[in-house]
Amino acid sequence: MEYLIGIQGPDFVLVAADNVAASSIIQMKHDYDKMFKLSEKILLLCVGEAGDTVQFAEYIQKNVQLYKMRNGYELSPAAAANFTRKNLADYLRSRTPYHVNLLLAGYDETDGPGLYYMDYLAAVAKAPFAAHGYGAYLTLSILDRYYKPDLTRDEAVELLKKCIEELNKRFIMNLPSFTVRLIDKDGVHDLEKLPIGAK
Amino acid sequence: MSARYDRAITVFSPDGHLFQVEYAQEAVKKGSTAVGIRGKDIVVLGVEKKSVAKLQEERTVRKICVLDEHVCMAFAGLTADARIVINRARVECQSHRLTVEDPVTVEYITRYIATLKQRYTQSNGRRPFGISALIVGFDSDGTPRLYQTDPSGTYHAWKANAIGRSAKTVREFLEKNYTEEAIAGDNEAIKLAIKALLEVVQSGGKNIELAIIRRNQPLKILEASEIETLVAEIEKEKEEEAEKKKQKKSS
């Protein structure tokens with residue numbers, strides 16, 4: 001039911017997540033933010049088991065901040081992704097595994113933009129575009145068809161709009177709005193919610 | 001067998017003193033001076049920079065440390081002990097944010113550090129931490145705070161204070177010169193801190209490290225050039241004061 005998507009450009013990463021917080025068949029919240037700011041230039045998008053998501057994401061968030069206090073500089077996106085994955089892997093074979101699916105998006109001074117796909121089995125993959133949820137089955141093919149590595153920010157937003165259009169057309173669940181954010185060398189920027197006019 | 005017996009190092013003396021704690025306070029008195037000043041919209045920490053050996057990289061000796069985005073501390077005493085305390089405080093700052101979704105108040109983290117220090121005066125086999133700390137920052141409601149802790153685990157709030165070598169001299173200077181107008185502006189508060197340190201530091205601005213926190217802004221460590229400019233301003237003001245006094249005398 002929940003949906004996450006990330007698209008990496010040459011000098012930015014565009015991410016979006018749906019805004020529904022559901023409990024069984026009821027929409028409890030229609031303006032729920034599934035993105036966690038790990039640092040000035042890193043976002044963690046987190047879906048999965050209710051409770052596990054916030055618990056795990058906030059734990060990672062505070063540990064990334066602790067690293068900044070201890071060392072005077074922030075963790076790189078690659079390091080943060082690997083740290084997250086290690087935690088997932090450690091908890092996987094314990095009595096209390098976290099059932100969460102994640103996208104980590106960030107911008108590094110030296111390596112540029114990065115998008116990391118992680119799932120509840122502690123797999124990690126750095127990818128140019130990625131999605132989580134049932135919606136991924138419908139939209140990955142659209143990304144395959146229209147993505148190019150040097151796409152501009154506007155083209156990325158258009159591509160994102162195409163994906164959302166497809167979800168609205170063919171996905172059984174109604175996802176009325178999506179939070180959209182962009183990360184580049186200047187940090188995290190909030191973009192207009194999609195589809196246009198969504199509240 | 002011997003594990004069952006109390007291996008306390010810190011025990012009471014016949015006349016009610018905890019000598020280990022007092023010896024720790026002596027260790028603090030040997031450390032380089034640190035001064036803290038609470039202004040209206042700014043808090044200032046200044047430390048005496050110990051001269052480093054010729055081959056040593058200067059940057060690795062940092063006596064002013066951030067605990068969180070809105071709190072920082074300076075210490076006097078055993079640097080190695082300070083590292084442990086600072087690390088625990090940093091973890092506690094994040095842990096607090098995780099559990100209650102709010103940043104720590106300066107008083108909370110001071111109390112945490114003080115409790116930690118007190119525990120080490122009462123457990124077996126451990127000696128007290130040989131540091132005093134000056135903890136500064138802003139609470140979420142915007143109030144500036146300055147606290148001081150010492151090896152016994154007590155803490156107090158201060159308007160301005162000094163720790164370490166020659167702390168007494170600096171404190172006396174502050175008692176004379178800390179007035180409402182002396183801390184009226186940010187620059188004035190910074191200059192007061194520098195003036196206080198100049199009382200006890202040899203060779204002036206080169207041996208001073210200064211850090212400031214302004215409300216809602218991260219810690220800023222002043223560059224050597226900025227300190228030099230301020231020291232020059234202070235010297236000029238001193239000269240002008242001396243001139244005025246001379247003129248008054250002659251007239």
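Modeller: Let's start with the words. On a 1 Å grid over the protein atoms alone, a pocket is an open set of points with protein on both sides within 12 Å along at least five of seven lines, while a cavity is a set of points where a 1.4 Å probe fits but cannot get out; lining residues have an atom within 4 Å of a point. Grid points are joined across faces, edges and corners, and a volume is the space filled by probe spheres set on the points. The largest pocket here comes to about 820 Å³.

Colleague: Before we go on, what kind of model is this, and how are things numbered?

Modeller: This is a predicted model, where local features need pLDDT of at least 70 and side-chain atom pairs count only at pLDDT 80 or more, though totals for chains, interfaces and linings use all residues. Residues are numbered from 1 along each chain as its sequence is written, chains are lettered from A and ligands numbered from 1 in the order in which they are written, and side-chain values use heavy atoms, with hydrogens and water left out.

Colleague: Which parts make up the lining of the largest pocket?

Modeller: Helix 1 of chain A, plus strand 3 and helix 2 of chain B, each supply at least two residues. Helices (H or I, at least four residues) and strands (E, at least two) are DSSP runs, numbered from the N terminus. Helix 2 of chain B gives the most, six residues. The lining has 27 residues, and A:K68, A:M69, A:G72, B:V66 and B:R90 lie nearest the centre.

Colleague: What makes a lining residue nonpolar, polar or charged?

Modeller: Ala, Val, Leu, Ile, Met, Phe, Trp, Tyr, Cys and Pro count as nonpolar, Asp, Glu, Lys and Arg as charged, and the others, Gly among them, as polar. On that scheme the largest pocket's lining splits into eleven nonpolar, seven polar and nine charged residues.

Colleague: Why is A:S39 called buried?

Modeller: Buried means under 20% relative accessible area, exposed over 50%, and partly exposed in between (1.4 Å probe, protein chains only). A:S39 has 4%, so A:S39 is buried. This serine is found in strand 5 (residues 35-39) of chain A and touches A:V64, A:Q65 and A:E74, not counting residues up to four places away in sequence. Contact, by the way, means heavy atoms within 4.5 Å.

Colleague: And why does A:S24 count as exposed?

Modeller: Its relative accessibility is 71%, which is over 50%, so A:S24 is exposed. A:S24 is in the loop between strand 3 (21-23) and strand 4 (26-29) of chain A, with a positive phi near 55 degrees.

Colleague: How is the meeting of chains A and B put into numbers?

Modeller: The size of an interface is often given as the accessible area lost when the parts come together. Buried area is the accessible area (1.4 Å probe) that two parts lose on being put together, summed over both. Chain A and chain B bury about 910 Å² between them, 59% of it on carbon and sulfur atoms. On the chain A side, A:K62, A:M69 and A:R70 lose the most, together 62% of what that side buries. By contacts, eight residues of chain A meet eleven of chain B.
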